[in-house]
Amino acid sequence: MKKTFLSVLSLLLLLGRNQTKTTDTENKSSKDNTTAFKPANIKEEILYQRGVEAAIWGMPAVNYQLMYDALEKLNGNYNQVVIWPKLLDWKNQTLTPNPDVIYLMPFFNTEKVGPVVLEIPPADNGVFNGSVMTYWQNALEDVGPGGVDKGKGGKYLFLPPGYDKSKIPAGYIPLQSDTYRGYALLRSVLKSGSAADVATAVAYSKRIKLYPLSEASNNPTTTFVDASDKVYESNIPFDFTFYETLNKIVQVEPWLSRDRVMIDPLKTIGIERGKSFSPDARTKEILAHAVKTAKEWLEYNYEATKPFYKDTHWFFPADEDNIRSVKSTYGISEIYPIDNRAVCYMIAFFSAKHLGESQYYLMQIVDKEGNPLDGKNTYKVTVPANVPVKQYWSMTVYNRETHTFIRDKKWAARSSQTPGLKTNSDGTVDLFFGPTPPESGESNWVPTDSNGKFEILARFYGPKPNLYDQSWKLNDLEKVK
């Protein structure tokens with residue numbers, strides 16, 4: 001009997017200890033829940049859900065608006081061209097820009113002035129790679145040798161919605177837009193990274209012209225806004241201000257037919273055409289959580305992108321539905337890939353009409369072992385010989401959190417045009433990424449931030465067929481220390 005009593009007592013004590021553990025866990029969970037966001041009622045829950053969907057849907061337009069806002073901070077305006085007449089450095093805080101070309105961005109607005117002309121020079125002592133886009137960053141056409149003018153140059157004409165095409169004079173390449181606002185991304189491609197070739201590319205860039213069609217007979221001048229040596233901040237803030245930027249767009253542009261389904265969801269969160277956007281403190285709090293949830297969903301999709309090469313972690317971020325939608329100006333009724341579109345514009349800006357043809361991109365966010373690329377480590381990749389490009393290849397490092405250049409670094413990339421880049425005797429190139437240069441020196445090294453994660457974007461300009469058929473293969477980064 002005594003033995004039985006002790007057994008029962010032991011069991012009760014054990015249950016008591018387990019109950020204490022359970023209570024401690026519940027208390028911890030309860031404590032955690034006090035700091036986590038929870039909607040108080042169905043109205044708040046729907047507001048939160050629609051805030052998430054609005055952020056995903058509006059990503060490319062917010063991305064555009066932030067770039068234009070950055071131009072205004074430099075006292076620039078619509079129908080002017082922002083130019084970086086030096087190769088880009090960390091002060092250009094746009095999303096995954098290219099530091100190995102000369103950048104120009106003409107911003108259009110046809111609402112008051114009517115059609116706007118963008119004159120592209122022929123590809124003689126220079127060449128452009130770029131596209132003309134709406135404010136949704138939907139490509140209307142590509143320009144240069146890979147575009148409509150086929151390298152002969154031409155006068156592209158950006159038409160406002162509903163424009164009477166019978167009024168278009170001869171000699172123009174009309175681009176019918178469904179928005180008043182838009183821009184072009186033009187990249188003046190270098191023959192090499194030498195100072196002389198950079199100067200030639202800059203001179204070629206300034207041969208473009210941008211002006212309203214109504215002023216064509218008056219020999220109009222083109223206004224260039226020099227953004228070199230200035231911080232051009234347009235990375236996406238995943239906080240309440242995201243919706244303030246989205247509201248700017250809704251107020252100034254007509255609704256597109258394909259997006260009318262968003263009218264009521266936006267009204268739910270307080271964004272309505274013709275009305276002020278002035279949410280109360282609780283709504284701001286809910287929307288701040290919603291945009292962070294949207295980012296988490298997009299990051300999940302970003303990290304789950306299928307690899308380009310078998311048994312590697314390199315991937316092309318745009319999926320097939322997205323590519324088809326851009327080519328068809330969203331004319332395929334069975335698809336509307338807002339998730340993948342948002343992923344692409346969370347990490348980058350610009351879309352070619354024929355995405356992946358004049359240039360191709362591969363990204364890497366983890367190493368060979370599948371671990372996130374960490375700025376405190378050093379990694380190596382050997383680029384195989386005979387890279388399948390007609391122009392050049394490059395690899396650029398970006399801040400994994402913001403998808404921008406890492407601040408205050410000497411440079412962000414190495415390319416086949418980098419002066420002094422060392423090539424091995426077999427034609428391969430060893431590149432190093434880390435907080436300090438390798439023993440071999442700085443020529444083939446790209447600095448990282450030891451306090452954060454990073455990502456790599458490999459660019460292939462003028463890609464050849466053996467890139468697509470994967471007979472040439474790029475291996476993953478490997479951690480060396």
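A charge sits over a ring if NZ of Lys or CZ of Arg is within 6 Å of the ring centre and within 35 degrees of the ring normal. Keep that in mind for arginine 414. Its charged end sits over the ring of tryptophan 411, 4.0 Å from the centre. A second case involves arginine 187. This residue lies over the face of phenylalanine 350, at 4.3 Å from the ring centre.

Now the overall picture. This is a predicted model. The chain has 481 residues, and 53% of them are buried. There are 9 helices and 20 strands. Along its principal axes, the C-alpha trace spans about 110 × 65 × 40 Å.

How many aromatic pairs does a search of the whole structure find? The search gives 27. Let me show you two.

Where do the partners sit in the chain? Tryptophan 84 is in strand S1, residues 80–84. Tyrosine 232 is in strand S12, residues 232–233. That is 148 residues apart, so the pair links distant parts of the chain. Both tryptophan 84 and tyrosine 232 are buried.

Tyrosine 302 belongs to helix H6, residues 281–303. Phenylalanine 315 is in the loop between H6 and helix H7, which covers 320–327. The pair therefore ties together parts 13 residues apart in sequence. Buried or exposed? Tyrosine 302 has 0% relative accessibility, so it counts as buried. Phenylalanine 315, at 3%, counts as buried as well.

There is also a cluster linked by ring pairs. Its members are Trp57, Tyr64, Tyr68, Tyr78, Phe107, Tyr135, Trp136, Tyr183 and Trp255.

Next, helix packing. Two packed helices are described by the angle between their axes and the distance between the axes.

Start with H6 and helix H8, residues 338–347. They pack at an angle of about 95°, and their axes are 9 Å apart. Angles of 65 to 115 degrees count as roughly perpendicular, so that is what H6 is to H8. Which residues make the contact? From H6 come Lys295, Trp297, Leu298, Glu299, Asn301 and Tyr302. From H8 come Asp339, Ala342, Val343, Met346 and Ile347. By class, this contact has 7 nonpolar, 1 polar and 3 charged residues.

Now H2, residues 42–73, and helix H4, residues 241–252. Their axes come within 8 Å and cross at roughly 75°. H2 and H4 are therefore roughly perpendicular to each other. On the H2 side, the residues include Gly51, Ala54, Trp57 and Asp69. On the H4 side they include Phe242, Tyr243, Leu246 and Lys248. The contact divides into 12 nonpolar, 4 polar and 2 charged residues. Trp57 of H2 is in this contact, and Trp57 is one of the ring cluster.

Last stop, alanine 54 in H2. Its relative accessible area is 0%, so alanine 54 is buried. What does alanine 54 touch, not counting residues up to four places away in sequence? Tyr243, Leu246, Met262, Leu266 and Ile269. Alanine 294 is 240 residues from alanine 54 in sequence, but the C-alpha atoms are 8.9 Å apart in space.

Definitions and conventions:
Residues are numbered from 1 along each chain as its sequence is written. This is a predicted model: local features need pLDDT of at least 70, side-chain atom pairs count only at pLDDT 80 or more; totals for chains, interfaces and linings use all residues. Side-chain values use heavy atoms; hydrogens and water are left out. Rings of Phe, Tyr and Trp (its six-membered ring) pair if their centres lie within 6.5 Å; planes under 30 degrees apart count as stacked, over 60 as edge-to-face and the rest as tilted. Helices (H or I, at least four residues) and strands (E, at least two) are DSSP runs, numbered from the N terminus. Buried means under 20% relative accessible area, exposed over 50%, partly exposed in between (1.4 Å probe, protein chains only). Axes are lines fitted to C-alpha atoms, for helices over the stretch in contact, and angles run from 0 to 180 degrees between N-to-C directions. Angles under 35 degrees count as roughly parallel, over 145 as roughly antiparallel, 65 to 115 as roughly perpendicular and the rest as oblique. Contact means heavy atoms within 4.5 Å. Ala, Val, Leu, Ile, Met, Phe, Trp, Tyr, Cys and Pro count as nonpolar, Asp, Glu, Lys and Arg as charged, and the others, Gly among them, as polar.
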